[in-house]
Amino acid sequence: MSDVDAAIDAALRPFADALSAFVFYAVPVLGTDVPLVVVWLVVAAVFATVYLRFVCVTGFAEALRLVTGRGATHGDDPSGEVSHFQALATAVSGTVGVGNIAGVAVAISAGGPGAAFWMALAGVLGMSSKFAECTLGVLYRTEHADGSVSGGPMYYLERGLGARGFPRLGRALGRFYAAGIVVGCLGIGNMFQSNQAYVQLVGVTGGDASWFAQRGWLVGLVLAAIVGAVVFGGIRSIARVTARVVPAMAAFYLAFGFAALAMNAEALPWALGAILDGAFTSEGVAGGALGAVVVGFQRAVFSNEAGLGSATIAHAAVRTARPVTEGFVALLEPFIDTVVICSTTALVVITTEYYDPTFADGLDGIAITSRAFERNFAGAPYLIAIAASLFALSTMISWAYYGQKGWGYLLGGLEGRIRPGAERVFQAVFCLFVALGCTIRLDAVLDFSDALVFVICIPNIVALYVLAPEVRRELEAYRAHRRSPGPPAR
């Protein structure tokens with residue numbers, strides 16, 4: 001880190017530490033530190049699951065019907081900019097990132113194999129949170145004269161709370177959320193992603209001796225150019241790209257993972273036994289079974305972002321006449337991100353422990369996953385580097401849109417329409433931070449932005465509780481409509 005980088009980091013460190021201490025405050029329970037923000041998100045997910053009568057299970061088939069285009073509109077006039085599939089792909093690209101490769105390995109190292117069970121369960125519960133928040137995102141969105149739309153938690157905070165007699169509180173919380181997403185997107189959805197992609201590239205091309213080792217600026221400029229070429233075209237451009245990239249990158253990684261699991265087939269019974277044993281017994285690594293619960297739930301909510309509200313910004317752009325349809329589609333997001341992709345990574349790591357219990361010694365994060373795959377594939381580090389780069393790139397593209405919509409709300413209010421020049425300023429700053437992520441490591445900036453991203457779950461969850469009856473009414477009305485004679489609605 002250069003003197004300039006160190007000076008910036010030192011100046012921001014007190015603010016980052018103070019905010020992180022508040023947002024990630026943990027209380028000791030049976031020898032395990034339990035972050036209250038994780039409790040806040042998980043309790044909301046349990047509430048949504050029970051209150052919406054286990055929509056995460058009962059709505060799964062309807063979600064598949066809608067996302068595959070079998071819910072054609074007849075009679076209704078859907079507004080919006082992108083299809084159900086494109087909205088889902090954009091939102092999934094924002095959650096499926098480097099954490100699905102590196103973060104899962106960290107969770108298993110900290111909480112033992114049992115963490116994988118609780119991670120998957122939290123993913124299932126998070127499906128209900130996504131359903132609720134994305135239904136609200138479409139219900140309270142702003143539709144512009146040119147056919148474009150703006151939506152997200154800031155809109156249902158201001159409009160929803162305002163309609164219930166709290167206009168000032170709703171407006172204040174909406175602005176707080178928008179400010180958090182604008183600043184936060186520069187870290188968790190930007191610098192961290194480009195930095196980790198660059199680190200993996202250097203690692204697989206020779207480490208310190210790599211040609212890229214002293215050319216982070218070049219890699220950063222290339223990534224920034226790719227991101228800029230997409231995000232300057234708006235949500236339709238983003239949706240077109242993510243609709244192609246997300247299925248391809250998910251299929252690539254899952255094919256890679258399933259092949260490794262097929263090679264490790266004899267270890268699967270042992271791995272499943274270790275997961276269940278670690279989930280419910282006192283033999284977990286970090287404080288026994290409770291440690292596995294905390295680590296698993298934490299990894300899940302950090303990965304699929306259920307309860308944060310960020311994905312609703314993408315889902316709000318969907319073409320639909322019935323907001324609840326996008327709620328159904330959105331519940332697939334935690335399932336894909338956490339139940340499928342994260343669980344695949346977890347099983348590859350755990351089955352590798354069957355053959356070599358010490359394979360992860362001295363390793364951390366993405367290096368653990370890379371070593372696990374390398375046991376089956378000699379070229380695994382290169383394949384992991386490709387997967388990490390695709391995941392990072394897609395995440396940056398989606399988070400650029402999230403930050404842009406937050407920026408538009410701050411400057412344009414509920415209309416969310418600002419001058420093209422002001423919009424371009426944000427896009428240019430975002431691309432600049434993409435490049436900076438490959439050249440400097442401002443830990444304070446990353447810590448500060450990460451904390452901001454998670455603190456916005458507080459107003460978002462408040463809105464979910466207050467507006468939950470409206471979500472259930474929409475759900476019941478839609479199901480009544482589906483049971484009645486006549487064509488289906490999209």
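Thr 142 sits in strand E3 (residues 142-143), where strands are DSSP runs of at least two residues and helices (H or I) of at least four, numbered from the N terminus. This is a predicted model, in which local features need pLDDT of at least 70, side-chain atom pairs count only at pLDDT 80 or more, and totals for chains, interfaces and linings use all residues. Residues are numbered from 1 along each chain as its sequence is written, and side-chain values use heavy atoms, leaving out hydrogens and water.

**Around Thr 142**
- Thr 142 counts as buried at 4% relative accessibility, buried being under 20% relative accessible area with a 1.4 Å probe and protein chains only.
- The side chains of Thr 142 and Arg 159 are joined by a polar contact of 3.0 Å.
- Such a contact is a pair of N or O atoms within 3.5 Å; within protein, one must be able to donate a hydrogen and the other to accept it, and residues adjacent in sequence count only if both atoms are side-chain atoms.

**Helices H5 and H16**
- The axes of H5 (residues 84-95) and H16 (residues 323-330) come within 10 Å and cross at roughly 50 degrees; these axes are lines fitted to C-alpha atoms over the stretch in contact, with angles running from 0 to 180 degrees between N-to-C directions.
- His 84, Ala 87 and Leu 88 of H5 make the contact with Thr 325, Glu 326 and Val 329 of H16, contact meaning heavy atoms within 4.5 Å.

**Thr 395**
- Helix H19 (residues 380-412) contains Thr 395, which is buried with a relative accessible area of 2%.
- Thr 395 and Ala 91 are 304 residues apart in sequence, yet 8.9 Å apart in space, C-alpha to C-alpha.

Terms used. Buried < 20%, exposed > 50% of the residue type's maximum accessible area, 1.4 Å probe, protein only.
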